[in-house]
Amino acid sequence: MNFDYDLLVIGAGSGGVRAARVSAQLGAKVAVVESRYLGGTCVNVGCVPKKLFVYASEYSQSFKDSAGYGYTVDEKPRFDWAVLRDNKTTEIERLNGIYRNILENNHVRIINGHACFKSAHEVQVGDQTISARNILIATGSWPFKPAIPGNEHILTSNEFFYMDKLPERMIVVGGGYIAVEFAGILNGLGVETHIVYRGETILRGFDNGVRAFVSDELQTSGVRIHYHSTIEQVDKQDDGSLLATLNNGETLTVGEIICATGRKALVDPLNLDAAGVQLSHHGNIDVNDQYQTNIPNIYAVGDVIGRAQLTPVAIKEGMFVAQNLFGENPKPVNYSMIPTAVFCQPNIGTVGLTEEQAAAQYDAVEVYEAKFRPMKNTLSGSPHKVLMKMLVDAETRKVIGCHMAGNDAGEIIQGIGVAMQAGATKEDFDNTVAIHPTAAEEFVTMSTVSRIVGRKA
């Protein structure tokens with residue numbers, strides 16, 4: 001059979017674009033099908049606009065902090081939501097153009113429309129049938145809302161970035177990283193912010209010490225967290241406000257409600273049955289170590305496979321597929337050593353194991369921990385603190401986990417991730433000269449074991 005393409009990529013997000021570009025550079029004939037926007041979730045309704053909003057929200061604290069450094073603000077700074085929203089959209093449109101240029105400059109054909117499988121080697125896009133020797137599914141994930149009365153009044157993260165106006169009061173539903181990031185943004189922009197979370201502590205899956213610390217810091221900043229709570233019903237009022245009824249009978253009247261309770265693999269429009277592709281019981285696409293589905297010529301990467309739902313991970317997965325198909329020596333993704341940042345306030349940076357994971361996997365783990373008021377806050381009068389934690393395997397002396405909650409945590413943890421990927425020991429950290437005065441120096445000056453945990457501790 002003669003195929004139209006060596007590789008057809010469905011989805012022009014980070015993973016799909018990287019796979020398409022590298023495959024084309026390696027000599028393959030490649031096309032990408034995209035139904036919405038180039039750049040995927042990250043560029044359009046995820047990492048990029050979120051980080052821009054985080055920057056905006058941090059200015060309010062900076063204005064307050066400046067007084068301790070001798071600045072006088074003669075009038076209260078005024079914030080214009082429309083300016084931020086529209087400037088953000090302009091930047092996203094610029095990035096969309098960059099993604100288009102990346103593909104076109106590498107002779108990748110861009111096909112606009114929805115892809116629907118006809119067979120294992122063919123997809124339908126509009127009125128055309130396209131065949132490919134290999135097909136890569138990189139459609140990402142999509143936010144969902146709870147099935148409750150009035151859920152049509154609830155926004156998801158997608159709509160949040162395009163709201164007409166910024167209400168005085170808002171609810172964020174959920175306790176994961178998207179929810180706490182949005183709560184920090186809203187609170188910093190002057191919105192009375194409520195987190196409604198069904199669990200006991202926010203940020204499930206992160207280190208428990210970090211979770212508790214960030215929860216306290218958010219509440220110190222003014223975010224109101226309603227634990228063990230769910231919204232049972234939403235009613236729109238005559239004035240346009242929303243009345244949310246919680247499971248404990250409490251009611252909250254707000255301008256908007258954002259649901260950030262999770263995302264599902266975006267597979268429904270693909271008609272996977274026609275190709276024979278199987279899904280896991282979670283609704284993600286099952287793949288092996290080569291990112292092959294149960295159909296050997298069909299691959300999948302990124303959020304749609306439900307592993308680490310992070311842009312850099314999707315990029316590395318896409319790179320692996322391209323190298324594996326058309327190059328040589330593909331480099332597997334090390335899922336146990338993924339540096340991660342949460343841009344809540346305070347920021348979180350983490351790499352390696354949590355204390356709980358380390359205690360379950362190792363006989364004895366040395367825990368080094370520091371909590372302090374950063375130098376910047378001494379003159380500003382800000383009550384906010386920094387938390388740093390390092391986990392060391394007592395037998396090999398390898399650093400197996402590092403965690404930070406505080407300003408610039410993501411920037412700092414990136415370098416720590418390099419050291420840990422290289423197998424650095426506690427003594428390697430100790431022998432590294434500190435940069436003074438910084439918060440980051442704490443990672444190379446920690447000398448006292450806070451506690452020892454583990455299977456034999």
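How many disulfides does a search of the whole structure find? Taking a disulfide as a pair of cysteine sulfur atoms within 2.5 Å, the search finds zero. Cysteine 344, for instance, is in no disulfide, and the nearest cysteine sulfur, which belongs to cysteine 47, is 15 Å away.

Before I go on, please keep in mind that this is a predicted model, in which local features need pLDDT of at least 70 and side-chain atom pairs count only at pLDDT 80 or more, while totals for chains, interfaces and linings use all residues. Residues are numbered from 1 along each chain as its sequence is written, and side-chain values use heavy atoms, with hydrogens and water left out.

On accessibility, buried means under 20% relative accessible area, exposed over 50%, and partly exposed in between, with a 1.4 Å probe and protein chains only. Cysteine 344 counts as buried because its relative accessibility is 0%, and cysteine 42, with a relative accessible area of 13%, is buried too.

Let me turn to alanine 457, which is found in the segment after β23 (451-453), where strands are DSSP runs of E with at least two residues, numbered from the N terminus. Alanine 457 has 62% relative accessibility and therefore counts as exposed. Leaving aside residues up to four places away in sequence, alanine 457 touches Asp363 and Ile452, a contact being heavy atoms within 4.5 Å. Alanine 457 and tyrosine 362 are 95 residues apart in sequence, yet their C-alpha atoms are 9.4 Å apart in space.

Finally, tyrosine 71 lies in the loop between α3 (47-66) and α4 (81-105), helices being DSSP runs of H or I with at least four residues, and at 60% relative accessibility tyrosine 71 counts as exposed.
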